[in-house]
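Open the model in your viewer and keep the selection panel at hand. The stops below go from the whole chain to single residues.

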Amino acid sequence: MAGYYLALSLHILGASVWAGGHLVLAVAILPSALRAQRAATVSEFERNFERVGLPALALQIITGLWLAHHLLGGPGNWFDDNPVAHVVQVKLGLLAATLGLAVHARLRVIPKLTDDTLTTLAWHIRLVTIAAVLFVLAGASIRFGGYPAFDH
Ligand code: HEM
């Protein structure tokens, strides 16, 4: 019980940092950087945010896997056809999309970032932010029993 409370609390704290930081970036900082055509505004924020954002994402993955194990048992059960497993499947899909976007941004977009290529990075930021919000919605749905199959 204490382990569950600790893992869930850390998971919610990490979610606040990851989703909150990206919402601030996407909704407040990015529009003003695009208006001013100033890529440095975004890279400065990212440099600072990375220090808390990346540990927060790592924490989400560790505690998320722990919580999935707590609710469903081993990974062999995570792809079953039940409402809680469906949420875990959505979360694993969002995780793959987030990591794919992050790796692409870090290795391909950011090294060549100029004021003119800021729009490419802007799309990465918006998609990672949408994924972060969907992570929160999927997580909160567990309290309501998860996602039933569409044909039920
Ligand atoms: C940035 C990534 C993530 C965010 C923002 C996030 C966010 C959340 C939130 C807000 C909750 C609701 C907690 C509550 O109030 O009950 C939650 C629950 C949960 N998350 Fe995540 N999550 C993330 C990643 C993951 C990953 C990678 C997994 C593993 C597959 C995962 C598995 C779970 C599970 C199993 C629960 C249900 C916990 C419970 O109620 O017992 N999450 N998540």
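Contact, or touching, here means heavy atoms within 4.5 Å. This is a predicted model, in which local features need pLDDT of at least 70, side-chain atom pairs count only at pLDDT 80 or more, and totals for chains, interfaces and linings use all residues. Residues are numbered from 1 along each chain as its sequence is written, and side-chain values use heavy atoms, with hydrogens and water left out.

**The whole chain**

Start with a cartoon view. The protein has four helices and zero strands; helices (H or I, at least four residues) and strands (E, at least two) are DSSP runs, numbered from the N terminus. The C-alpha trace spans about 50 × 35 × 25 Å along its principal axes. Of the 152 residues, 33% are buried; buried means under 20% relative accessible area, exposed over 50%, and partly exposed in between (1.4 Å probe, protein chains only). Among contacts between residues at least 6 apart in sequence, 70% join residues at least 24 apart.

**The iron site**

Select the iron atom of the ligand next. Which protein atoms are its donors? They are His11 (NE2) and Lys91 (NZ), at 1.8 to 2.0 Å from the iron atom. Donors are N, O and S atoms within 2.8 Å of the metal (3.2 Å for Na, K and Ca); water is not among the atoms, so sites may look incomplete. His11 is in helix α1 (residues 2-36) and Lys91 in helix α3 (residues 83-109), so the pair, 80 residues apart, links distant parts of the chain.

The arrangement is octahedral because the six donor atoms around the iron atom subtend angles of 80 to 178°. Six donors count as octahedral if opposite donors are over 155 degrees apart and all others between 65 and 115. Ideal angles for six octahedral donors are 90 or 180 degrees.

His11 counts as buried, at 12% relative accessibility. Leaving aside residues up to four places away in sequence, His11 touches Gln60, Thr63, Gly64, Leu67 and Lys91.

**Two helix pairs**

Show α1 with helix α4 (residues 118-141). Their axes come within 9 Å and cross at roughly 150°. Axes are lines fitted to C-alpha atoms, for helices over the stretch in contact, and angles run from 0 to 180 degrees between N-to-C directions. That makes α1 roughly antiparallel to α4, a term for angles over 145 degrees. Residues making the contact include Trp18, His22 and Leu30 of α1 and Ile125, Thr129 and Val136 of α4.

Move to the loop between α1 and α2, the place of Gln37. Phi of Gln37 is near 50°, a positive value in a residue other than glycine. Most residues other than glycine have a negative phi. Gln37 counts as partly exposed, at 48% relative accessibility.

Finish at His69, in helix α2 (residues 39-72). Is His69 buried or partly exposed? At 45% relative accessibility, His69 counts as partly exposed. His69 touches Gly74 and Trp78, not counting residues up to four places away in sequence. Between His69 and Gly146, 77 residues apart in sequence, the C-alpha to C-alpha distance is 15 Å.

Definitions and conventions. Tetrahedral: all angles 85-135°; square planar, octahedral: opposite > 155°, others 65-115°. Parallel < 35°, antiparallel > 145°, perpendicular 65-115°, else oblique.
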